[in-house]
Amino acid sequence: MNILVALDGNYVGPLCVLLKSLMISNPNGIFDLYVAHSSLKKEHFDRIDKAVDKKRVTVHPVEIDPALLNDAPVMDRISKETYYRLLLMDYLPKEVDRILYIDPDTIIINDIRSFYNIDFKGKTLAACGHTKSWCEFLNRVRFHSPKDVRYFNAGVIMFNVDKLRKTVTSDDIFRYMKKHRRWLFLADQDVLNGMFNTETVFADECIYNLDEKTVKFNKDRVKDLDWVRKNTVIVHFNGKFKPWKPGYQGILLPLYYEYRDMPWKND
């Protein structure tokens, strides 16, 4: 399975927790890990190597020229590195036909294959929605989307790389960013939604991209952590507060520490 992450040195620690959770929850999985970056050093990759079973994971550093995205809008919590997934068709090997992009502020707590092997139904992406009706309306107005189109969270995405290569170039993406710059309130997530909102297969957010907001919106279904442990595949600690920093609030916090502190053979 192919996994893509994009980060700077500030997120290497959380990435190692994510990778450890991937190893524990997928004990038979074989992975190619593509690490898109512009500033990571040898010591960062040494930490990443220690977080994975080298018999099952091949780490591929992918250095991106940061000047390519000099004009990309950034925010306090959104760095230039997060845009690197938009260019994946340019740097991934030709044999990569699909890939899971995942933010480093996530953990994987069950078998990932059900999402990795999702039927794209001829579309370009598979992702999960996190917004409700009034936000959906505003986003449809922003992107001139059809009424049945939803807005998706870009922290966990399955990319149909074959379809992406055939339909989009990096120049298309740069042109879109330049044309719509004043509407890109959420940076690359808005770019992805604006360009692919009709090209997305939606998956169950309670299973494949569970965050605290989704827990609150689905209390009748996500009853407690036992339900999450049994059913959820990917837990996402998105938003301003992070579990490795003071101030995090929510029921999902113990899961992060469980996997961070869980012993396994690479420890």
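Of the 267 residues in the chain, 55% are buried, meaning under 20% relative accessible area with a 1.4 Å probe and only protein chains counted; exposed is over 50%, and partly exposed lies in between. This is a predicted model: local features need pLDDT of at least 70, side-chain atom pairs count only at pLDDT 80 or more, and totals for chains, interfaces and linings use all residues. Residues are numbered from 1 along each chain as its sequence is written, and side-chain values use heavy atoms, without hydrogens or water.

**Overall fold**

The chain holds 12 helices and 9 strands. These are DSSP runs numbered from the N terminus: helices are H or I with at least four residues, strands are E with at least two. Among contacts (heavy atoms within 4.5 Å) with a separation of 6 or more, 80% join residues 24 or more positions apart.

**Cores**

A nonpolar core is a set of buried Ala, Val, Leu, Ile, Met, Phe, Trp, Tyr and Cys residues joined through side-chain atoms within 4.5 Å.

| Core | Size | Residues include |
|---|---|---|
| Largest | 56 residues | Leu-33, Leu-100, Ile-102, Phe-115, Leu-252 |
| Another, apart from it | 32 residues | Ala-6, Val-96, Tyr-176, Val-191 |

Leaving aside residues up to four places away in sequence, Leu-252 touches Leu-210, Asp-211, Glu-212, Val-215, Leu-225, Val-228, Val-235 and Phe-237.

**Helix packing**

Helix α1 also packs against helix α12 (residues 253-261). Their axes, lines fitted to C-alpha atoms over the stretch in contact, are 9 Å apart at an angle of about 75°. Angles run from 0 to 180 degrees between N-to-C directions. The two helices are therefore roughly perpendicular, a class that covers 65 to 115 degrees. On the α1 side, Pro-14, Val-17, Lys-20, Ser-21, Ile-24 and Ser-25 take part; α12 supplies Tyr-256, Tyr-259, Arg-260 and Asp-261.

**A two-faced helix**

In helix α7 (residues 170-179), Ser-170, Ile-173, Tyr-176 and Met-177 are buried. Seen down the axis, the buried residues of α7 fall within an arc of 120°, so they line one face. That arc is taken from the directions from the helix axis to the C-beta atoms. Exposed Arg-175, Lys-178 and Lys-179 sit on the face of α7 turned away from its buried side.

**A loop residue with positive phi**

Lys-121 is in the loop between α4 (113-116) and β6 (125-129). Its phi is near 55°, a positive value in a residue other than glycine. Lys-121 counts as exposed, at 64% relative accessibility.

Conventions
Parallel < 35°, antiparallel > 145°, perpendicular 65-115°, else oblique.
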